[in-house]
Amino acid sequence: MVRKEPRVENVDEKDIEVKPPKEWAAGLPGVYNSLKPAIQHMGVKRTLEATFKMNQKDGFDCPSCAWPDPNHRSKFEYCEEGVKAVTWEAAPVVIASEFWAEHSVSELRDRTEYWLGMQGRLTEPVYKPAGADHYHPVSWDEAFRIVADKLNSLDSPHEAAFYTSGRTSNEAAFLYQLMVRGFGTNNLPDCSNMCHESSGWAMGQTIGIGKATVTYDDFGKADLIILMGQNPGTNHPRMLTALEGCKRNGGSIVAVNPLPEAGMRRYKNPQKVRGVAGKGTELADQFLQIRLGGDMALLQAISKRVLEAEDRNPGTVLDHDFLEKHCEGLDDLREHLVHLDDQTVVEATGLPIEEINELADRYLQADKVIICWAMGITQQKKAVPTIKEMINLLLLRGNIGKPGAGAAPIRGHSNVQGDRTMGIWEQMPPAFLDALGKEFSFDPPRDHGTDAVETFYGMQDGRIKVFVALGGNLISAISDTQFAEAAMQKTEMTVQISIKLNRSHLITGQEALILPTKGRTEIDIQESGPQFVSVEDTVCVVHPSRGNLEPVGENLLSEPAIVSRLGALIVGNKIDADWAEYEKNYDLIRDHIGRVVEGCDNYNERIRQDGGFVLPNGPRDSRTFRTPTGKAILTVNDLEAVERPEGTLILQTLRSHDQWNTTIYGHNDRYRGIRGGRHVLFMNAEDITELGLKDGQYVDIHGVHHDNAERILRKFRVVSYPTPRGCVAAYYPEANVLVPMDHTAEGSNTPVSKTVLVRVEPNSAPAQDQAEDFKSRTRA
């Protein structure tokens with residue numbers, strides 16, 4: 001039964017509890033902290049219906065991370081974060097119609113992201129006219145008419161931008177990009193622009209594909225797995241089981257990260273006796289607590305040691321056959337690394353030379369090596385060359401294209417990779433556009449569109465007047481919060497296709513619409529019968545996803561249905577597309593995908609195979625590389641350490657354990673020992689003393705950037721924590737206000753949220769202003 005009352009917990013951050021960080025992850029607490037809120041908010045029956053079908057071959061794909069599924073799946077193929085994501089989506093609490101009259105947009109802007117999400121599911125379209133401060137319910141027909149009239153009135157299709165979240169299915173994503181290109185623009189910013197865009201650029205330029213070159217089974221076959229800038233215990237907990245398999249099979253694991261994370265120390269697998277009654281499995285054999293921005297120097301140092309080992313024992317270290325047949329650039333790399341000195345590496349990394357040598361020895365002793373990374377790498381200024389250095393290291397010993405070895409960018413959002421495969425990119429290659437144009441009898445636009453950062457600059461200067469988002473919460477996800485909000489409010493219309501209320505619904509253009517959609521967990525029945533969608537995981541496996549829960553509202557439309565109806569109104573018969581039929585039968589969409597998207601031929605037949613199918617991957621499958629020369633490229637990259645002027649610290653933003661991207665499930669981060677708050681600054685104890693501060697003191701965090709714009713976060717509690725000297729950490733999205741919009745990674749234009757210079761000063765507000773301080777902090 002659907003309930004209409006909101007579920008809200010009031011959190012007073014004045015009473016934040018701080019305890020020592022945990023030394024192990026999962027176990028029975030992981031089960032308890034996932035199932036307790038699920039049962040509380042969904043009830044026993046709906047919880048069991050959801051969890052027993054999550055990540056099963058006849059069920060739905062988890063709406064959180066993109067971690068792959070094993071071929072032989074357990075009955076409990078889910079993790080704490082996955083259950084939280086399903087609970088957030090599937091809890092039968094809805095926003096009632098009267099909510100919109102009771103709450104103005106201005107009032108809702110003062111609410112936290114947590115409070116907004118806890119109000120329940122969106123179940124009816126709502127519209128905010130220009131000049132109004134309230135949304136009000138409208139019919140679907142009226143909502144589509146309002147959007148279509150605005151888009152069709154623009155002087156140019158390029159005056160609109162169309163964002164996509166990674167949770168979007170392949171079918172919805174393919175239709176969406178078709179609609180946008182049929183409308184006449186490539187303005188397709190997406191969440192990849194803010195996470196693994198750097199991976200795509202670096203890997204595309206060196207090995208010809210921006211995806212992982214490993215399979216799920218490779219993790220259990222590896223001799224060594226190196227994890228860089230990654231926290232699996234919170235961001236993709238099911239990965240811990242695969243890492244445990246590596247250790248049980250005799251492999252070793254090295255973690256390279258500024259913070260020690262519980263999930264990388266010890267894993268208590270709740271499905272194993274040793275994980276419940278025993279000590280679990282020690283995962284990281286070596287932990288390198290690297291200084292922020294030092295990863296590139298570390299990788300170059302390891303590659304240099306590999307080359308020196310080859311010089312000492314010619315013909316025994318490098319994979320000469322692989323390098324000769326499949327690679328180029330070795331001589332240039334060798335010459336470049338000769339000039340790298342250890343003192344530069346030690347200063348850049350903050351690591352003792354002994355730890356660097358130990359990692360080099362581990363790499364040299366291992367025959368099969370996987371390097372994994374996530375946003376701790378991709379959101380650095382030098383992210384692209386850093387990832388190229390990972391590829392260099394792997395290529396030197398032939399660690400691409402053989403079992404148990406390869407490059408593994410770990411996607412942190414379900415189907416973000418599939419969306420890109422389906423054409424959600426502002427600069428898709430000509431071959432894709434040619435196939436799309438042939439299939440639908442039109443000439444797709446060829447000019448590069450805007451990415452996420454460029455879209456906000458377009459809004460700011462008036463070039464982009466309409467913003468449409470298929471999922472997500474871009475205003476909270478993007479950097480430079482104040483700039484982004486001001487830019488968004490300059491638009492003429494914003495349209496959000498969403499599941500639940502979030503801040504992007506409140507920072508709007510002159511006009512605004514919210515179009516509610518079904519979630520991945522929900523049954524989808526159209527005119528031709530029950531429908532399913534498909535997704536792609538982080539190791540290129542495409543598989544079906546079938547919702548099994550009753551929708552929380554009778555008036556909800558699926559994402560493919562919403563896109564089909566909008567496409568009919570703004571594109572219509574300008575291209576050879578049967579919009580009405582796509583809504584009725586998703587097989588028709590998949591037929592088009594099979595003829596347009598490389599590797600997806602016979603899509604409808606193959607997606608119905610047991611477990612779906614695997615997309616082709618040249619480096620993994622045949623050691624073939626789609627580069628200009630047909631060979632993998634060892635690259636030369638100039639090292640540039642992150643300079644820290646006196647009086648400044650280097651900030652990284654990160655997730656808590658009680659959130660998924662911008663979705664806040666609660667105010668606790670139990671692995672890091674935080675309870676009852678998010679406005680904390682993790683600092684090294686020596687830095688606290690050096691700056692004349694105290695553990696537990698409230699401080700203001702000032703951004704330091706060349707534009708001299710004032711960016712300040714006020715009243716954050718100092719938490720003494722084992723971070724490297726000179727490095728601090730705060731939660732995302734609260735700390736996004738400190739990341740300048742033009743502070744982006746070279747090449748990929750990804751916001752640099754891992755190397756932000758800040759100053760930390762005692763909180764300047766008097767005691768009587770604490771309440772107002774709290775309100776301003778939550779707004780930021």
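How far is the sulfur of Cys 191 from the closest cysteine sulfur? Hold that thought for a second. What we're looking at is a predicted model, where local features need pLDDT of at least 70, side-chain atom pairs count only at pLDDT 80 or more, and totals for chains, interfaces and linings use all residues. Residues are numbered from 1 along each chain as its sequence is written, and side-chain values use heavy atoms, with hydrogens and water left out.

Okay, back to Cys 191. Its closest cysteine sulfur sits in Cys 195, 5.2 Å away, and that's too far for a bond; a disulfide here is a pair of cysteine sulfur atoms within 2.5 Å. The structure holds zero disulfides. For Cys 600, the nearest cysteine sulfur belongs to Cys 540, 11 Å away. Cys 600 is buried at 1% relative accessibility, and Cys 191 is buried too, at 10%. Buried means under 20% relative accessible area, exposed is over 50%, and partly exposed is in between (1.4 Å probe, protein chains only).

Now for Phe 76. This one is partly exposed, at 41%, and lies in the loop between helix H2 (44-51) and helix H3 (80-90). Helices are DSSP runs of H or I, at least four residues, and strands are runs of E, at least two, numbered from the N terminus.

Last, a sheet. It's open, with three strands in the order E2-E8-E9 and mixed pairing; strands pair if DSSP finds at least two bridges between them. E2 (25-26) and E9 (281-282) are at the edges with a single partner strand each, so one side of each has no neighbour in the sheet. E2 runs parallel to E8 (266-268), joined by two bridges, and Ala 25 stands opposite Tyr 267.
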